[in-house]
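Please read it with the model open.

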Amino acid sequence: MRSINLFFLNIYMCYHPNIFLGSGKYEVADIDGSLCTHFVYGFAVLDPTNYEMVAFDRDVDIGSYQYYSKFVNMRNQYPDKKFLIAIGGWTDSRTSKYSTMLASPSLRANFVAKAVEFIKQHNFDGLDLDYEYPAYQQSASEKTTFAQWVKELKTAFAPYG
């Protein structure tokens with residue numbers, strides 16, 4: 001688990017990777033919830049066909065291991081904490097699919113609508129954008145389209161607090 005201390009805001013974000021490998025695995029049950037104000041499950045990814053958020057590893061995240069459920073069910077122990085899903089990450093961001101989605105108002109609108117559904121369906125409290133390579137292979141105007149995307153997400157999420 002990676003922790004980012006935003007001390008000036010009194011926010012302590014902890015990332016939990018959805019890596020389920022060998023003896024080095026770090027399971028949801030291993031998380032010390034007293035260390036964080038916000039928990040971020042990393043990662044969901046952007047589907048390159050329909051530009052919607054999908055589980056990175058269906059079996060681990062929503063299949064037989066049910067890590068999404070285990071993760072958000074920590075809310076029973078820590079009801080005052082927030083549980084977010086991150087999209088992107090180092091591997092997923094290093095493609096042109098985000099640039100393609102950002103450049104299209106209709107693809108962004110679809111992503112936003114489906115992201116709200118995804119978050120509600122899996123009981124997360126919000127979304128962490130971990131898009132690490134803006135304009136990786138596309139236009140420098142991506143700074144503007146990324147900002148527009150963030151505004152669109154904010155508007156869509158506003159009714160849910």
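1. The side chains of R75 and D125 form a salt bridge, with N and O 3.1 Å apart; the term stands for a side-chain nitrogen of Lys or Arg within 4 Å of a carboxyl oxygen of Asp or Glu. R75 sits in the loop between α2 (67-72) and β5 (82-88), and D125 in the loop between α5 (105-121) and β6 (126-130), so this pair ties together parts that are 50 residues apart in sequence. Helices (H or I, at least four residues) and strands (E, at least two) are DSSP runs, numbered from the N terminus. R75 is partly exposed at 21% relative accessibility, and D125 is partly exposed at 35%. Buried means under 20% relative accessible area, exposed over 50%, and partly exposed in between (1.4 Å probe, protein chains only).

2. On the basis of the numbers: this is a predicted model, in which local features need pLDDT of at least 70 and side-chain atom pairs count only at pLDDT 80 or more, while totals for chains, interfaces and linings use all residues. Residues are numbered from 1 along each chain as its sequence is written, and side-chain values use heavy atoms, with hydrogens and water left out.

3. How many salt bridges does the structure hold? There are three. Besides R75 with D125, D92 pairs with K97, their closest N and O atoms lying 2.4 Å apart. Both D92 and K97 are buried.

4. R108 and E152 also form a salt bridge, with 2.9 Å between the closest N and O atoms. R108 belongs to helix α5 and E152 to helix α6 (residues 142-157), so the pair ties together parts that are 44 residues apart in sequence. R108 is buried, at 6% relative accessibility, whereas E152 is partly exposed, at 21%.

5. The largest nonpolar core has 33 residues, of which M53, F71, I85 and F111 touch the most other members. A core here is a set of buried Ala, Val, Leu, Ile, Met, Phe, Trp, Tyr and Cys residues joined through side-chain atoms within 4.5 Å. Two or more residues come from each of β3 (38-46), β4 (53-55), α2, β5, α4 (97-103), α5 and α6. Helix α5 gives the most, with five residues.

6. With residues up to four places away in sequence not counted, F111 touches L46, Y51, E52, M53, I87, M101, L127, W149 and L153; contact means heavy atoms within 4.5 Å. Another core, of six residues, lies apart from the largest one and has Y15, V40, F43 and L84 among its members.

7. The count of disulfides comes to one, the term being a pair of cysteine sulfur atoms within 2.5 Å. The cysteines are C14 and C36, with their sulfur atoms 1.7 Å apart. The torsion about the S-S bond is about -85 degrees, so the disulfide is left-handed. C14 lies in strand β2 (residues 11-17) and C36 in the loop between β2 and β3, so the pair ties together parts that are 22 residues apart in sequence. C14 is buried at 2% relative accessible area, and C36 is buried at 2%.

8. Strands β5 and β6 pair in the parallel sense over five bridges; pairing requires that DSSP finds at least two bridges between two strands. G88 has D130, in β6, as its bridge partner. Four of the five residues of β6 are buried, so this strand is largely enclosed by the rest of the structure.
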